[in-house]
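Please read this briefing alongside the sequence and the model.

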Amino acid sequence: MIRLKIRNPLQIKLFFVYSLVFVLITILASVPTYLYLKRGIEKNALNSMNETVGNVTDKLDASLKEFDNISKQLYLSTDSNGRTVIQHLQILDGGNGTFDAYESNQAVNNMLGLVRSIYNDIYRLTIFTFKNQVFSNPKARMTVDQAYADNRDLAEIRESAGETLFRYAQKDRWAGPNDTTVFSFSRLLNPRQNKIAVIEMQIRSDDLLPLDQIRSIQGAMLTLSEGDRLLFSSNSDNLNTVRKDTYVFRKQIESSNLTIALTVPRSVVLSELTLVRNFALATLFLLITFSLFVYYYLSRLLTQPLVKLRGAIDSIDLEDKRLNIDNKYKVNEIERINRSFRNMNNRLQHSLEQIVQFRTRQLQSQFDTLQAQINPHFLFNMLGIIQVSAENGELSQVQTISRNLSEFMRYSTSIESPVTILEKEAAFTFRYLELMKTRYMHRLTYHIDLDPGMLHMMVPKLILQPLAENAIQHGFGDIQHPLHIEVTGRLEGNRWELRFRDNGAGFTEERLAEVKESVRLALERLDTDFEQIGLGLGGMGLTGTIVRLQLMFRHQLQFEIGNHRDGGAEVVWKASISGQGEQI
């Protein structure tokens, strides 16, 4: 006997979880399948039994109609002399030995031969009179008295009103000793007049009933009854045995009072289902047993290297160390994990350096912004505007400027996080432009239009306001028209575009080349000599913005710097939202 030794808690958990899941899935799949097969097999078995009873019913009904048709021909069909069989029988009933009696005798025999040649399923067709005259095809070997030794059958025929009497016999009564079981259809001819004769049609029982098929079914019994009278039973030993676990398939012939019933034990009807069930249970047991052993060895194969890997990871640091994991089962994935972990360690070191640099430069940018904005000139201008507005009684303007200045100072001096959502960055830039408009009045206009889908996109802080400040400081130049600053954002699918432009003096060729060169050098030093990148706001706000966006969006970021065709400077950034780097 194989003993499973499981000592590792991880292996125990993995083994039992997988085993339980497999067993549950197998049961959930097997039960509906079994129920579906059970219904299908039971339905097919019941349909097969019903079909068997239906076939017997159809054959008996066809034989009854066939017998009725033959009986009608005795009254309707005439021979060359213009006489029917009934008329010939009446001549024979007269008892004279004339030539007419001879012709009538031949006519009756010819009719029987003709009918048998037409209906191949008839085993024997007989007409006999009550004066012991017998006409039979094939030829009878017994007289009427010998054939009907039991006068009760003959008396029942004579007392009938011309209806069909159906009987089962263990042998052909007209052939003497034999073992041919038959069903006989009898009818009294001319029942309302002189009752001159009886017509009897015999058909082999095997031609009407599937007795071999019934005998092959253990415990099955086929019965044929007329009203409450039992005419035939395929198993007379079970007639008085009442069983609850049986199926009874019963059908009545519409043209008569005959009823066919097939009784089959339930266990026999569902024997195929029992076989399928036992086979399925055995297969399921073997499958579960085999799967448990497979899961055991798989859990052992997987968990032992993982436990050692966990121990190695617990002792690892940022230095590149080779993991010594025992690869007992020669699993290539273990060696791949070694290589992947060293690569991860290298990337972690590099990412950590970038994070430190990013946070350092963010703080530097924030303090530079604070130093650039909170200078006496800026504060004197704002306080002067507030003083003049207050002296002129413009209290609403004083309130608006004070609120915007307060919100501006709070946002620019906050160091809680180096990133924010685009909606807050746009609101901060809007307040700055509002403050600047109180100074430049009608000479400054602005418009911010962002796609609603971009408002919650994470971006570095202070990427728009420094550009607005540069536009105000350098954009007026010698232009005569008002300076207009426009910020637009569009979102198409997973790609976003942020555009900043003004209609001011724009870049000179020398200045544009200088800015582009500064951005290029900053991006080249991004992964090597970060400390040499100048991110101050004194004309370098654009470089700092692009560098910080590059750090956040990696290589997804695309940017354009230049002059708009209608005049003024323009900066465009494009990137994919899915390409946004980790939150820093």
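Met-441 sits in the loop between helix H13 (422-440) and strand S11 (444-450), where helices (H or I, at least four residues) and strands (E, at least two) are DSSP runs, numbered from the N terminus. The model is predicted: local features need pLDDT of at least 70, side-chain atom pairs count only at pLDDT 80 or more, and totals for chains, interfaces and linings use all residues. Residues are numbered from 1 along each chain as its sequence is written, and side-chain values use heavy atoms, with hydrogens and water left out.

- Most residues other than glycine have a negative phi, and most peptide bonds are trans.
- Met-441 has a positive phi, near 55°.
- Met-441 counts as partly exposed because its relative accessibility is 48%; buried means under 20% relative accessible area, exposed over 50%, and partly exposed in between (1.4 Å probe, protein chains only).
- Leu-462 also has a positive phi, near 60°, and lies in the loop between strand S12 (458-460) and helix H14 (465-475).
- Leu-462 is at 2% relative accessibility and therefore counts as buried.
- A cis peptide bond, with omega near 5°, runs from Asn-137 to Pro-138.
- Pro-138 belongs to the loop between strand S2 (134-137) and helix H4 (144-147).

**Helices**

- In helix H2 (residues 85-93), the buried residues are Val-85, Ile-86, His-88, Leu-89 and Leu-92.
- These residues lie on the same side of H2 because they cover an arc of only 160° around the axis, the arc being that of the directions from the helix axis to the C-beta atoms.
- Helix H15 (residues 509-524) and helix H16 (residues 541-553) have axes that come within 9 Å and cross at roughly 35°; axes are lines fitted to C-alpha atoms, for helices over the stretch in contact, and angles run from 0 to 180 degrees between N-to-C directions.
- Val-515, Ser-518, Val-519, Ala-522 and Leu-523 of H15 make the contact with Leu-542, Thr-543, Ile-546, Val-547 and Gln-550 of H16, contact meaning heavy atoms within 4.5 Å.

**Confidence**

- The average pLDDT of the chain is 79, and 78% of the residues score at least 70; pLDDT is the predictor's confidence in each residue, from 0 to 100.
- Confidence in the chain is highest in strand S14 (residues 495-502), at 94, and lowest in helix H10 (residues 332-373), at a mean of 62.
- Over residues 530-540 pLDDT stays under 50, and the model has 29 contacts beyond four places in sequence for them.
- Where pLDDT is low, the predicted coordinates should not be read in detail.
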